[in-house]
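Here is a short note to read alongside the model. Please keep the structure open and check each point as you go.

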Amino acid sequence: MNAHSRDNEALHSSTAATAEEAIARQEALPPLTNEEATNVAMQNTLLTPRFYTTDFDEMDAIDVTPVRAEWDVLIAQMKADPNKGHFKKNEDWDTVDWDGMEPKLKAEFIDFLISSCTAEFSGCVLYKEMKRRGSNEDITTLFQLMARDEARHAGFINDALREAGIAVNLGFLTQAKKYTYFRPKFIYYATYLSEKIGYARYITIYRHLEQHPEMRFHPIFKWFKEWCNDEFSHGEAFALLLKTDPKLTTSFANKLWIKFFLTAVFSTMWVRDHQRPAFHEALGVDPKWYAQEVFRKTSDISCQVFPMMLDIDHPRWVKNLNRMEAANVAIAKGRKAGGVGGWLTRMGGSARAALAFASLLTIPAISSEVPDNPRMEPVY
Ligand SMILES: [Fe+2]
Ligand SMILES: [Fe+2]
């Protein structure tokens, strides 16, 4: 190894101790930016990952005393940093034949990578900001650790994209992407769920490819196991935060919000994944099977704090998810067509999507007993 590559080794985002360092190291790599990828990452629709901002003072005021014992164990685990250096290409990274990849698969896979990179980075931006604005040591320590992980995840996806001559400009996104405001409690519900569903998504693909290695058309999937453990810990942290204030999961209004977020997060995943048929076919995964499997795992896990789970075997469940998906196809068609006709198609699609969502939301939930100690280990 020569001095130059040793420098690069030392300066890779996978070993960065903070999010800021990881981002800077990523920005130093060529190509610095790719406009098309960054434009995709900039999009703000119901289906694309957003950036969030919140009332940081309210979050800074959280007192973790009620969950102190579990909290300290979790923070110590995260500080020990078991995945330091993991998110970097090594000898397991097989050569990727981007030019030989079937064009539809290539387009969908790149879209998947850009969207995943944006979602990872969305977490990083929010956590980093909480760390910057806060003064509560428990909270800032946690958020710095989570921001570090998400920056490494986003950086690693960018490494994969770079091989296809593409990269998302993370620094630019931080400055230019629109931020959506969410009250802290909505941040807890949404972020808790996105961490846990992220875990379930990564581990389900990983286990499937363990059984069918011949379907692994890209090496990044080999990294999903350690990756999902990071997401699992992040979810654990939010479960503990939710436990600090019992009202968040027990009041009537908040239970309705929890049901709303569960339905929104699950249905968004369904619609988004069905937009990538070639990608799922290449993996040998039926998107319906995959979605239900991920929902089942996420439901089982989220009973650690949520007093209910959605009835995903209800006859109205898949039927209305399919309706939402069809409505979404119509909306996209309308947008593409433009003009009055396109506008009408879009409005019709939006109305049908709203009706389907309302139907999903009114499926009775299954209530469940919440344990006193929420802590769980990843078992899938
Ligand atoms: Fe992540
Ligand atoms: Fe995460």
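1. **Helix 5 against helix 10.** Helix 5 passes helix 10 in a left-handed crossing. (A crossing is left-handed if the near helix is turned anticlockwise from the far one by less than a right angle, and right-handed if clockwise.) Helices here are DSSP runs of H or I with at least four residues, strands are runs of E with at least two, and both are numbered from the N terminus. The two helices pack at an angle of about 155°, and their axes are 11 Å apart. Axes are lines fitted to C-alpha atoms, for helices over the stretch in contact, and angles run from 0 to 180 degrees between N-to-C directions. Helix 5 and helix 10 are therefore roughly antiparallel. The cut-offs are these: under 35 degrees is roughly parallel, over 145 roughly antiparallel, 65 to 115 roughly perpendicular, and the rest oblique.

2. **Who meets whom there.** Helix 5 brings Glu70, Trp71, Leu74, Gln77 and Met78, and helix 10 brings Ser233, Glu236, Ala237 and Leu240. Contact means that two C-beta atoms, placed from the backbone, lie within 7 Å. By class, five of these residues are nonpolar, two polar and two charged. Ala, Val, Leu, Ile, Met, Phe, Trp, Tyr, Cys and Pro count as nonpolar, Asp, Glu, Lys and Arg as charged, and the others, Gly among them, as polar.

3. **What you are looking at.** This is a predicted model, in which local features need pLDDT of at least 70, side-chain atom pairs count only at pLDDT 80 or more, and totals for chains, interfaces and linings use all residues. Residues are numbered from 1 along each chain as its sequence is written, while chains are lettered from A and ligands numbered from 1 in the order in which they are written.

4. **Helix 7 against helix 10.** Helix 7 covers residues 137-162, and it packs on helix 10 at about 155° with the axes 11 Å apart. This pair is therefore roughly antiparallel. The crossing is left-handed. From helix 7 come Leu142, Met146, Asp149 and His153; from helix 10 come Trp227, Asp230, His234 and Ala237. The contact holds four nonpolar, two polar and two charged residues.

5. **Leucine 241.** Helix 10 spans residues 224-243 and includes leucine 241. Is leucine 241 buried or exposed? Leucine 241 counts as buried because it has 24 C-beta neighbours inside 10 Å. (Buried means 20 or more other C-beta atoms within 10 Å of the residue's own, exposed means 12 or fewer, and partly exposed is in between; C-beta atoms are placed from the backbone.) Leaving aside neighbours within four places in sequence, leucine 241 is in contact with Ile62 and Tyr188.

6. **The annotated stretch.** UniProt lists residues 111-241 as "domain: Rubrerythrin diiron-binding", in an unreviewed entry. UniProt positions use the numbering here, feature names are shortened, and annotations may be inferred rather than shown by experiment. In the model, residues 111-241 are 78% helix and 2% strand, with the end C-alpha atoms 33 Å apart.

7. **Valine 125.** Valine 125 sits in helix 6. It counts as buried, with 23 C-beta neighbours inside 10 Å. It touches Phe51 and Thr174, not counting residues up to four places away in sequence. Glutamate 20 is 105 residues away along the chain, yet the two C-alpha atoms are separated by 9.9 Å.

8. **Aspartate 81.** Most residues other than glycine have a negative phi. Aspartate 81 is not a glycine, but its phi is positive, about 55°. Aspartate 81 lies in the loop between helix 5 (68-80) and helix 6 (103-133). With 14 C-beta neighbours inside 10 Å, aspartate 81 counts as partly exposed.

9. **Helix 12 against helix 14.** Helix 12 (residues 252-274) packs on helix 14 (residues 287-302) at about 155°, with axes 10 Å apart. That makes the pair roughly antiparallel. Their crossing is right-handed. The contact includes Phe266 and Trp270 of helix 12 and Tyr290 and Phe295 of helix 14. By class it has eight nonpolar, one polar and one charged residues.

10. **Methionine 309.** Methionine 309 is in strand 3 (residues 308-309). It counts as buried, with 20 C-beta neighbours inside 10 Å. Serine 368 is 59 residues away along the chain, and the C-alpha atoms are separated by 7.1 Å.
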